[in-house]
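Here's a quick tour for anyone meeting this structure for the first time. Have a look at the sequence and the model, then go through the points below.

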Amino acid sequence: MSRFVCGDDCTIDDDATVGHGEFEEPTRVGDGATIRAGSIVYGDVTIGDEFTTGHDVLVREGTTIGDDALVGTKTVIDGQTTIGSHVSLQTNVYIPTETTIEDNVFIGPSAALTNDEYPIRTDNGLEGPTIKDGASIGANATLLPGVTIGENAFVAAGSVVTDDVPPDTLAVGTPATLQDLPKPLEGANQIA
């Protein structure tokens with residue numbers, strides 16, 4: 001069985017690895033992908049059209065990614081994750097297992113999402129954040145396990161989100177407090 005299937009007009013650098021590991025399902029990548037040097041995409045991953053990575057990206061097994069997704073340099077997507085279309089993950093973002101990211105989402109550099117409420121202390125299972133359509137997460141923000149970021153919400157840079165953020169709301173600070181969105185931040189992202 002082939003380790004990966006790629007659509008038309010794909011560019012995969014020589015020292016990128018697509019279809020890493022032994023899985024029943026090969027990696028499937030749509031048309032127009034660019035996967036840069038040092039990137040590793042495991043088996044049992046499904047990616048839509050116009051996928052682009054920076055260098056040294058890791059995408060683990062069981063991940064599904066939609067169309068027109070950008071995954072920045074040194075970003076890690078641990079497996080069993082769903083990412084929609086028109087998503088921009090900037091440099092050095094961490095996406096843990098059991099995370100859902102819907103369409104038209106922006107996640108800024110070095111943002112860290114988490115999925116384990118009490119790391120190593122208890123076994124309560126893993127639950128990553130859910131980021132709804134059109135939300136933006138600023139640089140160096142941290143999202144705690146199980147939080148939901150609502151549609152078109154905006155998490156300010158450096159914020160630590162400990163509770164759900166309603167749609168069309170600004171979350172700012174540590175721990176994040178909720179405010180009305182300022183006029184310039186209202187509406188959907190302009191990724192698509």
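Cys6 is partly exposed, with a relative accessible area of 25%, and Cys10 is partly exposed with 25% as well. (For these labels, buried means under 20% relative accessible area, exposed over 50%, and partly exposed in between, using a 1.4 Å probe and protein chains only.) Keep in mind that this is a predicted model, where local features need pLDDT of at least 70, side-chain atom pairs count only at pLDDT 80 or more, and totals for chains, interfaces and linings use all residues. Residues are numbered from 1 along each chain as its sequence is written, and side-chain values use heavy atoms, with hydrogens and water left out.

**The disulfide**

- Cys6 and Cys10 are joined by a disulfide, with the two S atoms 2.3 Å apart; the term stands for a pair of cysteine sulfur atoms within 2.5 Å.
- Searching the whole structure turns up one disulfide.
- The link of Cys6 and Cys10 is left-handed, with -100 degrees about the S-S bond.

**The chain as a whole**

- You'll find zero helices and 26 strands in the chain; both are DSSP runs numbered from the N terminus, helices being H or I with at least four residues and strands E with at least two.
- A compact globule of 192 residues would have a radius of gyration near 16 Å, and the chain agrees with its 16 Å. (That radius is taken over C-alpha atoms, and the globule rule is 2.2 Å times the number of residues to the power 0.38.)
- Along the principal axes, the C-alpha atoms fill a box of roughly 50 × 40 × 20 Å.
- Out of the chain's 192 residues, 41% count as buried.
- The chain exposes about 9,100 Å², and carbon and sulfur atoms supply 47% of that; accessible areas come from the Shrake-Rupley method with a 1.4 Å probe, and for residues only the protein chains shown count as cover.
- Take the contacts between residues at least 6 apart in sequence: 18% of them join residues at least 24 apart. (Contact means heavy atoms within 4.5 Å.)

**The eight-strand sheet**

- Eight strands make an open sheet with parallel pairing, in the order E1-E4-E7-E10-E13-E16-E19-E22. Strands count as paired if DSSP finds at least two bridges between them.
- Strand E1 (4-6) and strand E22 (148-149) stand at the edges with a single partner strand each, so one side of each has no neighbour in the sheet.
- Strand E19 (residues 130-131) pairs with E22 in the parallel sense over two bridges, and Ile131 stands opposite Ile149 in E22.

**The hairpin and its partner**

- E25 and strand E26 (residues 177-180) pair in the antiparallel sense over four bridges.
- These two, E25 and E26, form a hairpin with four residues between them, and Gly173 in the turn has a positive phi of about 105 degrees.
- Strand E23 (residues 154-155) runs parallel to strand E25 (residues 169-172), and two bridges join them.
- Leu170 is the bridge partner of Phe154, and Leu170 also has Gln179 in E26 as a bridge partner.

**The nonpolar core**

- The largest nonpolar core has 37 residues, and those with the most contacts inside it are Leu89, Ile101, Ile107, Ile131, Ile137 and Ile149. (Such a core is a set of buried Ala, Val, Leu, Ile, Met, Phe, Trp, Tyr and Cys residues joined through side-chain atoms within 4.5 Å.)
- Strand E11 (69-71) and strand E14 (87-89) are the elements that give two or more residues to this core.
- Ile149 is buried, with a relative accessible area of 0%.

- Val41 lies in strand E6 (residues 40-42) and is buried, with a relative accessible area of 1%.
- Val41 and His20 are 21 residues apart in sequence and 6.2 Å apart in space, C-alpha to C-alpha.
- Arg121 has its place in the loop between strand E18 (112-113) and E19, and Arg121 is exposed, with a relative accessible area of 75%.
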